[in-house]
Amino acid sequence: MVDSVLRPAGGKVAPGGPEATVQLIVFQLAGEDYGVRIEQVREVTVTPEVARMPKTPAFIKGIINLRGDIIAVIDLEERFGLVPAGRPLPAHSYTVAVEAAEYTIGLAVRDVPRPMRISAAAIEAAPEFLQDSGQRERYLEGIAKLPDNSVIIVLDMRKLLMASEILRLPN
Amino acid sequence: MNAREQEYRELFMAEALEYYDGMGRHLSVLERSPTDVPALNELFRLMHNLKSNARAMGHAAIGEVAHSLETIFGLIREQQRAFAGALVPVVFTGLDELGTMIRAVGASQPLPDAAVLLENLARVARGEEPVQPAAAVPTAPDTPSEEDTRKLELSDLVYIQVRKLDKLLNLVGELVIDRDRLLTLAEEIGHPALQATARHLFRISDDLQYSVMDVRLVGVGVLLNKFPRVVRDVAAAEGKEAELTLSGQDVQIDRNVLQMITDGLLHLVRNGVSHGLETPDQREAAGKPRVGQLRLSALTERDDVLIEVADDGPGIDTEAVRRKAVERGLTTAALAAGLDEQAVWAFLFEPGFSTAAQVTDISGRGVGLDVVKRALDSLGGQLRISSVRGQGTSFTLVLPTSIAVKGALLVELDGRPYAVPLLHTDTVLALRPEEFSVAAGLLLAHVQGQAVPVVPLRDLLHAEGSEPLPTADKTQLHGPQQVLVVNYNNRRLGLLVDQFIRQQSIVIKPLSKPLDTIDLFGGVTLLGSGQVCLVLDVPALTRLFVARRA
């Protein structure tokens, strides 16, 4: 059985303050910070043994046993074209299991994902020209500017998972 | 009383008490608003159901009372009588009396005499005043004696969603797999107390598994009993004369298995009448009785349930099917010529074949039979066909009793395990390269006097796009080759694998979205170690091979 690094379900409920905040799970892809809203994350775990699945594109790393549920694990760096396709996962990685209405899918990341609370106002809509320029940009919710001037690219998992072509499966 | 009668009685009791409760509720509504149409409709419906059930079970007295009450509700609905005056207490008394009678059935006691009640019901139905004794009842509804007889009933049966049973069965399946693993470990470690505990766990989980499976079993009769009507209707529409014989209604099968083959069986039976039987005149000319015989029977064979649909019609015209299969592009003329009749008949269940409407006129078979095959494939079942020209045809569905736990052979390819359901495995072979032959770009193994095409499983799993598979090359084979011969739709196919691991029971989990579109995999299973193992779908592999062979 997999060891849970952190379980969002046990996280604190966002306090209803004057300033609305958003809790993100933040991870790195090709050196940049990406975030997913915590309510779209089912759990973060050390990636268990991945069974390679024939007949799937290279960025699908295979399937894992997540507490009895079998889910697919994908490498977003490859999917977004940030690195060449077909790279094996490192011996030690983490899986962010994200949830949509229809299914759960695992995002394999190399470093420990971390939770972060930011002001909702900090998320700016992605610039228009970014929206249709590439794979990654189509799944953006916006870009969060932090006080230290660093940015987090906030992904909208519902867009990512709704798009059936994300997997571009045969048949 | 045997177990089945007991079960029927319990079912009758559960339904009767439910109807009784429901009618009590609706009657209270009617008392407040005597013209409430939905309440009247429900009362009429429930009373009608109760009447039918009671008569079917031989409880004529309950049927009589229910019939009289149904009549009265009908009259009120048609506004010929009003739910008012003396009629009200008589109806309430009637319902109370029904409750008493139902309870008497449950307690195996004689039913109370209902003559006075029936007389009163008949009188109010005619719009007359009831005779005295019944009228006395509502005047003293709160007397202690009345209070004693009025009981609150809870049914002895619970209704449960099949979905919940599915979950339970899956969990038990996984428990059983872990149990096997534990038993093996206990033997390896050799600790006596641990071994004893593991064996105890083995027995308990075995009982648990069978209990859960038992809960899901229903008699095949619940489906078969629907067919006399189907046969009558189709025969009438087609100008045929057919007699249907049912047998084996008591054979037990998993409810979901039965559900999944319902459509397929319907097609087979309809086909059996409309194409499997000749017209009365044709039959007479062929020296057969005018009335065609159709047999629908179920029986148990080891862990499988066989359901057979047999007719005494003209049999399958094998040559017509062979020609049609070539015309339909399902095979080539050269290949078709060499196929035995079993392999030819298998075409009847191909989707491409079934749409050929005119085939039914020539061969007497064909429309929609691919639904049968699809249902069997998803269940891991098999189809057996036998047919003799002029004497008849029989189709036998070989179904698993239960769907959760399946026997499978684990094979290894590129360091990963794959499971192949035993239902589709034929034999395993270790062959030296020189024992293979190559013909038309295909690698062939010779199994029991039959040439079986062999393909590396690796090639099938990694075939991209729609390119043909690489041409077979014997020189690529080095050392002994492990061949798993699978069988689907009477076609054998050899798969080259790295090695055979072992045979074991597996619980198949469906692949979740979005991977469920890859049809080569029937699902996944978790091995005792927690390792994920893909389950190969032999029908899909066979289809892929046929479509892509070099």
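What is the strand order of the open sheet of 6 strands in chain A? The views below start there. This is a predicted model, in which local features need pLDDT of at least 70, side-chain atom pairs count only at pLDDT 80 or more, and totals for chains, interfaces and linings use all residues. Residues are numbered from 1 along each chain as its sequence is written, while chains are lettered from A and ligands numbered from 1 in the order in which they are written.

**View 1. The open sheet of chain A.** Its order runs β9-β2-β3-β12-β11-β10, with mixed pairing. Strands here are DSSP runs of E, at least two residues, and helices are runs of H or I, at least four residues, numbered from the N terminus; two strands pair if DSSP finds at least two bridges between them. At the edges stand β9 (114–119) and β10 (123–124) of chain A, each with a single partner strand, so one side of each is left without a neighbour in the sheet. β10(A) pairs with β11 (residues 140–145) of chain A in the antiparallel sense over 2 bridges. Look for Glu124(A) opposite Ile143(A) in β11(A).

**View 2. Strand β5 of chain A and its partner.** β5(A), residues 60–66, is mostly covered, with 7 of its 7 residues buried (buried: 20 or more other C-beta atoms, placed from the backbone, within 10 Å of the residue's own). It pairs with β6 (residues 69–74) of chain A, antiparallel, over 6 bridges. Ile60(A) has Ile74(A) in β6(A) as its bridge partner.

**View 3. Helix α5 of chain B.** In α5(B), residues 115–125, the buried ones are Leu117(B), Asn120(B), Leu121(B) and Val124(B). Down the axis of α5(B) these fall within an arc of 100°, so they line one face of the helix (the arc is that of the directions from the helix axis to the C-beta atoms). Just past α5(B), Gly127(B) takes a positive phi of about 85°.

**View 4. Helix α9 of chain B.** This one has 24 residues (192–215) and reaches 35 Å from first C-alpha to last, close to the 34 Å expected at 1.5 Å a residue (that is, 1.5 Å times one less than the number of residues). Ala198(B), Gln209(B) and Met213(B) are buried in α9(B). The cover over the buried residues of α9(B) includes α8 (162–189) and β1 (217–219) of chain B.

**View 5. Where the chains touch.** Chain B gives 19 residues to the contact and chain A gives 20 residues (in contact: C-beta atoms, placed from the backbone, within 7 Å). On the chain B side, α20 (457–462), β17 (521–526) and β18 (532–536) each supply at least two residues.

Note on methods
Two residues are in contact if their C-beta atoms, placed from the backbone, lie within 7 Å. A residue is buried if 20 or more other C-beta atoms lie within 10 Å of its own, exposed if 12 or fewer, and partly exposed in between; C-beta atoms are placed from the backbone.
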